[in-house]
Structure formats: C-alpha cells, structure tokens
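Student: Could you go through this model with me, starting with how its strands pair up?

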Amino acid sequence: MAASKLLVGIDIGLTNMKAVAFDEKGVSRFEARGPSSQITPKPHHVERVGADFWRDLCAMLRDLTDQINAIGRYEIAAVSLDAHGDGVWLINDKGEEIRPGILSLDSRAIETSQRLNAEHEEDLLRVTGQNTGPASPGAILRWLLENEPESIEKADYYILAHDYLRVQLTGTIGTDLTSASQAFTDVKTQEYSDEAFEIYGLECMKDKVAPINDSIDIAGGVTAKAAAETGLPEGTPVLAGMHDIDAGTIGTGAVSPGQMALMAGTWCINSVVSDHAKISPDWFARAFVKKGHWLNMSISPAGSSNLEWFVSNLAKTESDVLRNSGVSPFAFVDYEVSKIKLDDSYVIYTPYIYGNPMNIDAAGTFSGIRAWHTRGHMLRAIYEALAFNHLHHSAPMIEGFGVEDIRVSGGVAQSKLWPQILADTFNTRIGVPVGGESGALGGAMAAAVSVGIYDSLEEAASAMGPDIAYVEPNKDCVGIMEERYGVYREFVDHMIPWWNRR
C-alpha cells in the first residue's frame, strides 16, 4: 500500500516552536514542540545564538520524525518554514552567523527608529509602504552600522530567522517575498529598492541582500548532514518559507476582502490581505505570499509574552506543578480570572514589557491595586490589556479595509475566557479556528501547493482549512469594556511623559 503523504509546517515563535505533520485534508497527524532559546546580554538586547537555534530545531524535528517512523505508513512530501519576522541575522557566504541573531523583541534601536521616522517617515511610507520601529531590519542594521560596524563589514548577507534555518536544512542562502518586504523593497513593485537603502543610510547593504524567492518555491532539499541531525529524509523538499504572520493568516482562512486575522502570540498582530497597496502610517503594507498581493499589518511586541512573564515570575509554583503533570502552565489563569466579577473594582495594566505601538520606551505597569485585589484581578487586567492593544491596532484597519469578519489565533486565543473578553471589547463576533495551530497549518497549505497536491492556496485552504467556532459579544459587558478601554487609553496618555523621563 502506498504511503500517505504528510505536509510538515514548522512554526517558529519567539519563545516556542512547533512542527506539525498534516495530511492532505489538513488533519494534524503528528506534532512536536520545543523552546526557542534566547539570551538577553543587557537591557533592551534580545538575541539568539545560531547553534542554540539549530539545536532546538533538530531536537524538535527528531521527536516528530521518530513519531512518524514508529507508525511507518507515512511519507513527508515537503517541509515549510515560517518564523517571527523583523530582527536581523548576519551571515557569511557559508551560512555561518557573524554574531547572534537580533530578535524582534530587541529594542536597542528605539532611538534610531525615532530619528529615522522624524527625518524620513514620509519617504519611508512612499517607498516601502511602512514607517520603521526598533524591531525593523532597517533600524537594527542602521544601529549596527553606527555601533558595531565590524559586524556589518564581516557579513556577506543579512537574512531573517527562518532564512537562517533554511541555510542549515538545505545549504542554500535566500529569503522570501514576505521577509524581503520588511524594510527594503518598493511597496509597488515588491522588489529591492535602492532608494529604500538610501533613505535608511544603508547603501553599504545593497550588495548584502539575499535573493528573493516566492514563499512556495522549493529552496532546496534536506542535506545529508541535516538529515542525520533532524531525522528528515535526505532530499525532502524545503520551501523558501514565509513570515509567520502570513502563515497564520493563511491558516485562519482570513485571506479574502473584508476579513482580518488577529494573532495573539508573543506579538500582538493584526492583518488584512488586499489585492492593492494601501498606504497609511497606521499599518505596514508588506508583500503577501502571492506577488501582487499585500499583507497589511499593525503590530507591536505587546502580546501574550506579558502573561507568560507574569506566570513565570509570580506564579512559578503553580506553573511548575502543572508543567510536571503534563498540563499547560497557564491552565489556572482562566480559573483565577473566572472568579473575578465584572464590577467597578478593577486594575489597569499596560502590556509593554517588551515594547509598544508608540515607538517610545514605555513599560509594563499595574495601576489601581487595592488591598482587596487578588492575583485574579491582576490576571484579568492582563487579559483586558491584550484585548485593548488588539483594538488599538485594529480600529484603523477595520475602517480602512471594511472588515466584517475577524478571526483570532495564538496561545491566549485557546483560553475559554479571553476570546469572550475580545468579542466584548470589539463589540463584534470573533471567530476562533478549531485546532489552534494556524501558523503551522498555513505553512502546510503552502507546501501542499508547492508539491502539486493543490493548484492554489485558495484550493488548499478550502480543502485543509479549519472549522471556525464563533464567539458573540455579551451585550451586558460591551458597555463596560468600552468604558474601560477609554480609561486605559487615557491612562496610557498620562503615562507617556513619565515613561519618556525614565
């Protein structure tokens, strides 16, 4: 009997990674998970050592392939990589890193990005379709040029996170359309732009760009060395891959006009696909997987990392007990939040421990804590802040693109309570894909197209797409959340002068 084909989607987050093997109908057959190691050598610096990155990936893929081989009736047809975007990896022509990769949680370039926006925002929008922030490859590379020029001098290429793993798996150096568009491509042509490099003051980087592939192109086959370390069969096709926002958007099925995908992960991500470039300072107009389409996104690193930080530091005992028993360390959060009544006695939280949408050096802040407040009140405040931050980003895009269908994925979206808080905050129905692995599924859909199982992403999405469970807003809570959002925005505005003095 012929072996059944599997499409492997590898989804790399800032704190965790997963690999899921789907069949041709989009059913998850095998999965493995692991950490995405990172280091913080000093405040504002968040990096990842390439050897650690590769080790983490190999361990996860070995787990996945061991599971597949134990069954024995499956064949891996193709592998797709997606990963967190922005940040910078500098490599030589052998694919070796020049220095640790700089991640998008890094904020060393915050003053650099402020200066670039103050001097060039109009030109950045006109040419690249986006202004810049501290996570942008443009801002980070400019910071490196000014503060660590020897790293720029030694590098043959700059690439992004999944491009680095592609090198290790296939031995080929390149990037994809979605990644290339994160700083230096013309928003209209979606090709590298000399003017973009000139605006950033990075003419020296023009010859250090990686060739651009379409995301569903086969970048190469798994090398013998990579096969030995990962368990993937030698020669297995590996796609050029994509930014995880694109993969997650595809995986939710929100790829038609009037649809929006929210990804409630380490970053707060809000995206809309369009068939024309629409430029605004309220969102980035980046290339989508299909050339001639755009993924418009408004994002900030003010996502569920706040919840992870709280649990890891202020609820470690409960977290360890649950983890050791094989239960999600965040399972108790819903329980504690469920005990808090929606009354006037609430706590405000600003979710800015890693950054914010305002391009200033803000911070995480609890306010309004009283003696009668409990840990549940603080956790409820984090839940609300995550919903408020999504609304802050989404409101201009909802109006600008006529959004009528909103879908949410990501870790906190699997909560039984948070999607309801989100629906009450937005005062609209929210769709939650069943299964919760939108990024990996989006990559698997692309892989299915790449090897000819389906003729288009639309066909793959129709055959492999998830069921959607909808959450309706609670009319008794909508007014309360509207008032709290107003208080939250007012509080943030009052905090800005203090944050700017820190």
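Student: How do β15 and β21 pair?
Tutor: Strand β15 (residues 259-264) and strand β21 (residues 405-409) run parallel and are joined over 5 bridges, where strands are DSSP runs of E with at least two residues, numbered from the N terminus, and two strands pair if DSSP finds at least two bridges between them. Within β21, V408 is the bridge partner of L262. This is a predicted model, in which local features need pLDDT of at least 70 and side-chain atom pairs count only at pLDDT 80 or more, while totals for chains, interfaces and linings use all residues. Residues are numbered from 1 along each chain as its sequence is written, and side-chain values use heavy atoms, with hydrogens and water left out.

Student: And which sheet is that in, in what order?
Tutor: The open sheet has 7 strands in the order β17-β18-β16-β15-β21-β22-β23, with mixed pairing. Its edge strands, each pairing on one side only, are β17 and β23 (468-471).

Student: What about the second largest pocket, which residues lie nearest its centre?
Tutor: Those are P134, P301, N356, P357 and N359, among 50 lining residues (lining residues have an atom within 4 Å of a point; a pocket is an open set of points on a 1 Å grid over the protein atoms alone where a 1.4 Å probe fits, with protein on both sides within 12 Å along at least five of seven lines).

Student: Which element gives the most to that lining?
Tutor: β18 does, with 4 residues.
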